[in-house]
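The structure comes next, and the account follows it.

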Amino acid sequence: MQTPLPHRPSCIYCRYTEEARTMQWIMILFLGIAANLDNLGIGLAYGIQKTKIPLRSNVTIALVSMVVTYFAMVTGDRLTAYISVWTADLIGGLLLAGIGIWMVFQPKPVQPNPFEDPTVADLDGDRIISIREALPLGFLLSANCLAAGFGMGVSGSSMLGTISSVGFFSFITIGASHRFGSLLARTWIGRYPAVIAGGLLIIIGLVEILA
C-alpha cells in the first residue's frame with residue numbers, strides 16, 4: 001500500500017502568505033516614520049538655538065516612545081479578545097486613517113509648541129538637554145506613538161517590529177534634524193512633516209481595512 005504524501009500548502013497560498021508578511025513589515029516601517037516626523041521640528045528648533053541633545057538624551061526619548069507604543073499595542077491587542085479579526089482590522093485601519101486625516105488637516109497653531117522652545121525644556125539653562133529633561137520631552141513626542149500603537153495593536157501587527165521601528169526612527173529623526181537642520185528645513189520633508197506623516201498613516205489605515 002502506497003504511503004500518502006504529506007499535505008503541502010499550494011504555491012498560491014505560500015505566495016499570498018509571503019506577500020502579506022512583506023506588506024506588514026512595510027507598514028511597520030512606514031508607521032515608525034510617520035509616528036516620529038514631528039521630531040524633525042524639535043531637533044531643528046533645538047539645533048538652531050544651539051541647545052545640545054546628547055546621545056543619552058536622544059536614546060531616552062526613543063525609549064520613552066517605545067514604552068508608550070508597547071502599552072498602547074498591549075491595550076489594542078487585549079481588545080481583540082472581544083471582537084472578530086475582521087472587526088479588529090476595521091477598527092485599527094479606521095483609527096490609523098483617522099489620525100492621518102487629522103494630522104493632514106489640523107489647523108496650524110498660532111503659537112509654537114512650548115517644547116519647541118529650548119528655554120522651556122532646558123530647565124537648568126545650560127543649553128544641554130539632560131536625561132531628566134528628555135523624559136517629559138519624550139512623553140510629549142510620543143503622543144502619535146500612543147494612538148498609532150493602539151491601532152497597530154488592534155490590527156495584530158508584530159509588537160517587537162513596531163516598537164523597534166518607532167524607537168529607531170525616533171532616534172534617527174531627532175539626531176538628523178538636530179545635526180542637519182538647516183539642510184533639512186529646505187526640503188519638502190522638513191517643510192511639511194505633518195502632511196507626510198498623515199499621508200503615511202492614511203495609507204497604512206486603508207491597507208489594514210482593504211487587505
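The side chains of D77 and R78 form a salt bridge, with an N to O distance of 3.5 Å; the term requires a side-chain nitrogen of Lys or Arg within 4 Å of a carboxyl oxygen of Asp or Glu. By this rule the count is one salt bridge. Side chains of opposite charge can pair when their charged atoms come close.

The model is predicted: local features need pLDDT of at least 70 and side-chain atom pairs pLDDT 80 or more, while totals for chains, interfaces and linings use all residues. Residues are numbered from 1 along each chain as its sequence is written, and side-chain values use heavy atoms, without hydrogens and water.

Relative accessible area sorts residues into buried (under 20%), exposed (over 50%) and partly exposed (in between), using a 1.4 Å probe and protein chains only.

| Residue | Relative accessible area | Class |
|---|---|---|
| D77 | 33% | partly exposed |
| R78 | 53% | exposed |
| S157 | 9% | buried |

S157 lies in the loop between α7 and α8 (159-179); helices are DSSP runs of H or I with at least four residues, numbered from the N terminus. Beyond its neighbours within four places in sequence, S157 is in contact (heavy atoms within 4.5 Å) with Q24, M73, M152, T162 and E208.

The largest nonpolar core has 18 residues, and L31, L96, M152, L201 and I204 have the most contacts inside it. Such a core is a set of buried Ala, Val, Leu, Ile, Met, Phe, Trp, Tyr and Cys residues joined through side-chain atoms within 4.5 Å.

How values were computed
Helix = DSSP H or I, 4+ residues; strand = E, 2+ residues; numbered from the N terminus.
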